[in-house]
Amino acid sequence: MKVFNGKMGIIIAGIIIGIIASLLVFFGNPANMGFCIACFVRDTAGGLGLHSAAAVQYIRPEIIGIILGSFLIAVGKKEFSPKGGSAPLTRFVLGFCVMIGCLMFLGCPFRMIIRLAGGDLNAVLGFVGFALGILTGVFFLKKGYSLKRTYKQPVLEGTIVPAASVVLLALLCLAPSFIHFTEEGGGPGAKHAAVLISLAAGLIVGVLAQRTRLCMAGGLRDIVLFRDGRLLSGFIAIFVSCLVCNLILTAATSGTYFTLGFTGQPIAHTDGLWNLLGMYTTGFAAILLGGCPLRQLVLTGEGNSDSASAVLGLLVGAAFCHNFGLASSADGPTVNGRIAVILAIVVVFIIAGANTFRKEK
């Protein structure tokens with residue numbers, strides 16, 4: 001695994017992940033959604049019956065694979081380190097806000113890159129919003145924002161989520177009658193690669209992301225704070241390899257893996273302002289969390305219970321968004337969704353200010 005140390009290592013990892021993201025669409029995942037942490041957590045919430053949106057219900061093995069891949073490699077490399085206690089409820093709320101932003105945009109930062117690689121120009125405005133959110137978060141970091149230190153915890157605490165992931169996989173494979181599934185042709189939840197392919201993809205991404213510390217929010221943050229482009233180079237590599245793979249698949253299959261434009265894009269809307277504000281919310285909250293949704297899953301696999309709190313916030317946030325009509329659709333954002341994004345931005349600003357300018361006693 002030493003090959004993944006340094007900038008070249010993260011570029012190699014990005015190339016592999018970009019190819020995987022494109023091939024997952026070929027094997028059955030929704031178009032321009034080979035990988036999306038927010039969408040797949042949302043589908044998993046539906047699969048567990050936490051929301052009733054029939055179009056997006058399926059336990060995604062990719063999420064299970066990322067957590068278990070990170071866990072296994074962390075244990076193997078003696079980097080599994082159960083810790084937590086750094087404002088877990090605040091992190092839960094930030095994860096909740098991240099999901100509100102993602103479901104306004106219809107994708108996490110990972111899918112934002114994949115949508116760009118599929119020719120979806122709506123993701124350009126999403127990227128602008130994401131970058132502005134990162135800059136806002138960096139402002140607070142420079143002023144001293146902190147959720148304070150973490151503490152060493154028992155091994156059991158760090159293994160709860162990986163163990164729960166194994167249970168979810170067992171439910172999916174051995175007891176599907178307990179799971180909610182989107183019916184064939186009923187929506188994005190019905191489109192998925194075979195379980196073993198999805199699980200293998202998740203395991204590989206989990207291992208690579210753990211070894212390289214891959215993080216979209218961290219990549220832009222490090223550019224601004226340290227002039228360090230290492231993390232960002234990984235996502236550039238994901239974009240380039242996914243784009244090339246999409247173009248090859250389009251030529252080879254006469255499919256539509258790449259379609260340049262704003263309109264007619266799969267599982268996307270064209271409301272530029274709310275695409276921008278959705279990803280602004282995501283970027284801002286992700287900086288305060290210390291990483292994007294992908295990074296939170298990887299840290300959870302490493303035993304970080306604070307990141308597990310953020311992941312639970314994502315899960316509950318996804319259920320809340322679909323139960324109360326906050327999530328966007330191809331028709332655009334809902335009124336409830338617009339209100340929720342504004343409120344989420346306000347909440348994130350309050351959290352940022354309260355943990356930056358508070359006076360220590």
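## Two loop residues with positive phi

Alanine 87 sits in the loop between strand S1 (83-84) and helix H4 (88-105). The model is a predicted one. Alanine 87 is not a glycine, yet its phi is positive, about 50°. Most residues other than glycine have a negative phi. The relative accessible area of alanine 87 is 23%, so this residue is partly exposed; the cut-off for buried is under 20%.

Isoleucine 267 belongs to another loop, the one between H10 and helix H11 (272-289). Its phi is near 50°, again positive in a residue other than glycine. With a relative accessible area of 23%, isoleucine 267 is partly exposed.

## Helix H1

After H1 comes glycine 28, with a positive phi near 135°.

Buried residues of H1 include Gly9, Ile10, Ala13, Gly14, Ile17 and Gly18. Further along, Ile20, Ala21, Ser22, Leu24 and Val25 are buried too. Residues three or four places apart in an α-helix point the same way, because there are 3.6 residues a turn. The cover over the buried residues of H1 includes helix H3 (61-76), helix H5 (109-117), helix H8 (195-212) and helix H10 (230-253).

## Serine 233 of H10

Helix H10 contains serine 233. Is serine 233 buried or exposed? Its relative accessibility is 9%, so it counts as buried. Leaving aside residues up to four places away in sequence, serine 233 touches Lys7, Ile10 and Ile11. Of these, Ile10 is itself a buried residue of H1.

## H3 against H8

Two of the helices that cover H1, H3 and H8, also pack on each other. Their axes are 6 Å apart, at an angle of about 45°. The two helices are therefore oblique to each other. The crossing of H3 over H8 is right-handed.

On the H3 side, the contact is made by Pro61, Glu62, Ile64, Gly65, Ile66, Leu68, Gly69, Ser70, Ile73 and Ala74. H8 contributes Val195, Ser198, Leu199, Gly202, Leu203, Val205, Gly206, Val207, Gln210 and Arg211. By class, the contact residues of H3 and H8 are eleven nonpolar, seven polar and two charged.

Notes. Residues are numbered from 1 along each chain as its sequence is written. This is a predicted model: local features need pLDDT of at least 70, side-chain atom pairs count only at pLDDT 80 or more; totals for chains, interfaces and linings use all residues. Side-chain values use heavy atoms; hydrogens and water are left out. Buried means under 20% relative accessible area, exposed over 50%, partly exposed in between (1.4 Å probe, protein chains only). Helices (H or I, at least four residues) and strands (E, at least two) are DSSP runs, numbered from the N terminus. Contact means heavy atoms within 4.5 Å. Axes are lines fitted to C-alpha atoms, for helices over the stretch in contact, and angles run from 0 to 180 degrees between N-to-C directions. Angles under 35 degrees count as roughly parallel, over 145 as roughly antiparallel, 65 to 115 as roughly perpendicular and the rest as oblique. A crossing is left-handed if the near helix is turned anticlockwise from the far one by less than a right angle, and right-handed if clockwise. Ala, Val, Leu, Ile, Met, Phe, Trp, Tyr, Cys and Pro count as nonpolar, Asp, Glu, Lys and Arg as charged, and the others, Gly among them, as polar.
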